[in-house]
Amino acid sequence: MPDGSSSLPSSTRLTGTRHDWTVDEIRALLNLPMPELMFQAQTVHRATFDPTEIQISTLLSIKTGGCPEDCAYCPQSALHEDSVKAEKLMAVEQVLAEARKAKAAGAGRFCMGAAWRSPKERDLDTVCAMVEGVKALGLETCVTLGMLDDMQAKRLKSAGLDYYNHNLDTSPEYYGEIITTRTYQDRLDTLGSVRDAGISVCCGGIVGMGESETDRAGLIAALATLPVHPESVPINLLVRVEGTPLAKADEVEALDFVRMIAAARITMPKSRVRLAAGRENMSDETQTLCFLAGANSIFYGERLLTTPNPQAQRDRALLDRLGMHTTGIGL
């Protein structure tokens with residue numbers, strides 16, 4: 001492991017925004033001695049953000065199960081054994097009722113997810129009505145609906161959508177081991193449509209799917225070399241769900257996950273780095289290290305799309321113990 005002392009980046013080099021990161025550079029970051037890695041991450045984080053502030057988002061599954069994709073981690077795939085039962089798209093008023101609860105609990109961004117390969121036009125009409133209604137409550141809006149074309153992205157923008165989530169999941173090289181029903185370029189094309197429509201991007205990936213350290217560096221490199229860095233970067237820890245191909249995947253060492261948070265922070269200094277799936281299985285100490293490494297956003301509530309999330313009381317207690325405060329404002 002390198003000693004981290006011979007070629008430390010200058011303060012300007014650390015905090016400047018780059019789009020030319022290489023996989024080798026990011027692997028070197030991941031292998032820095034932990035004190036040096038955390039110092040660099042904190043230097044970058046404090047240059048842009050209040051290090052005691054955590055942004056709160058809430059996620060609701062508005063259409064669960066029945067997805068035709070074969071993502072190896074996802075229980076919503078219709079192709080997996082014991083997949084989640086397919087449900088109909090929720091009614092607009094049901095979604096708005098949940099959004100009101102989220103706002104009352106302190107969320108500032110309301111995220112809605114649907115298990116589709118891509119939305120049908122009639123479903124997009126309903127989602128646009130949801131976006132308009134949530135926006136009228138004074139919340140930021142985010143949706144994840146699968147692949148979009150240019151016209152669909154423009155329709156969502158016209159409805160008032162603030163963010164679109166579409167993760168890259170892993171490195172380009174490892175992607176085919178996890179998903180075969182859509183390509184990496186499909187994902188990049190959707191991100192391009194979203195960005196061209198003027199919608200902010202929420203895009204990250206998953207750690208713990210059997211990928212190598214080089215693949216982890218490749219995921220960060222793919223995100224950090226996008227023409228514009230994602231405004232939000234969710235870093236997920238795989239939730240191993242029975243009936244999915246990754247149900248028996250090896251656990252990730254906690255400090256390896258912290259290193260991924262730090263690498264995301266250093267390479268994308270102005271992005272919100274979000275602790276997303278997997279927090280239910282993280283100790284308070286691991287989450288604290290993630291905050292120190294530059295994570296400054298969490299999903300708040302008892303469930304994500306189909307998997308558990310730490311209860312709100314536990315989150316509040318931890319943040320209070322750390323002397324940190326929350327904000328509902330995204331960026």
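In this predicted model, Leu60 stands opposite Met112 in strand S2, where strands are DSSP runs of E with at least two residues and helices are DSSP runs of H or I with at least four, both numbered from the N terminus.

| Partner of S2 | Residues | Sense | Bridges |
|---|---|---|---|
| Strand S1 | 53–63 | parallel | 6 bridges |
| Strand S3 | 140–144 | parallel | 5 bridges |

On the S3 side, Arg109 stands opposite Glu140. Between S2 and S3 the chain passes through helix H5 (residues 121–136), and this β-α-β crossover is right-handed, a term which says that, with the strands pointing away from the viewer, the path from the first strand over the helix to the second runs clockwise.

A residue is called buried when its relative accessible area is under 20%, exposed when over 50%, and partly exposed in between, with a 1.4 Å probe and protein chains only. Because 6 of the 6 residues of S2 (residues 109–114) are buried, the strand is largely enclosed by the rest of the structure. Both of its faces are covered, with Arg109, Cys111 and Gly113 on one side and Phe110, Met112 and Ala114 on the other.

Helix H7 (residues 184–196) has 13 residues, and at 1.5 Å a residue it should span 18 Å, which agrees with the 18 Å between its end C-alpha atoms; the expected span is 1.5 Å times one less than the number of residues. The buried residues of H7 are Tyr184, Arg187, Thr190, Leu191, Ser193 and Val194, and what covers them includes helix H6 (150–159) and helix H8 (213–224), as well as strands S4 (163–165) and S5 (200–202). H7 is followed by Gly198, whose phi is positive, near 90°.

The protein holds 11 helices and 10 strands, and 59% of its 331 residues count as buried. The mean pLDDT, the predictor's confidence in each residue from 0 to 100, is 87, and 88% of the residues reach 70 or more. Over residues 1–12, however, pLDDT stays under 50, and the model has 15 contacts (heavy atoms within 4.5 Å) for them beyond four places in sequence.

Residues are numbered from 1 along each chain as its sequence is written. Local features need pLDDT of at least 70 and side-chain atom pairs count only at pLDDT 80 or more, while totals for chains, interfaces and linings use all residues, and side-chain values use heavy atoms, leaving out hydrogens and water.

Notes. Two strands pair if DSSP finds at least two bridges between them.
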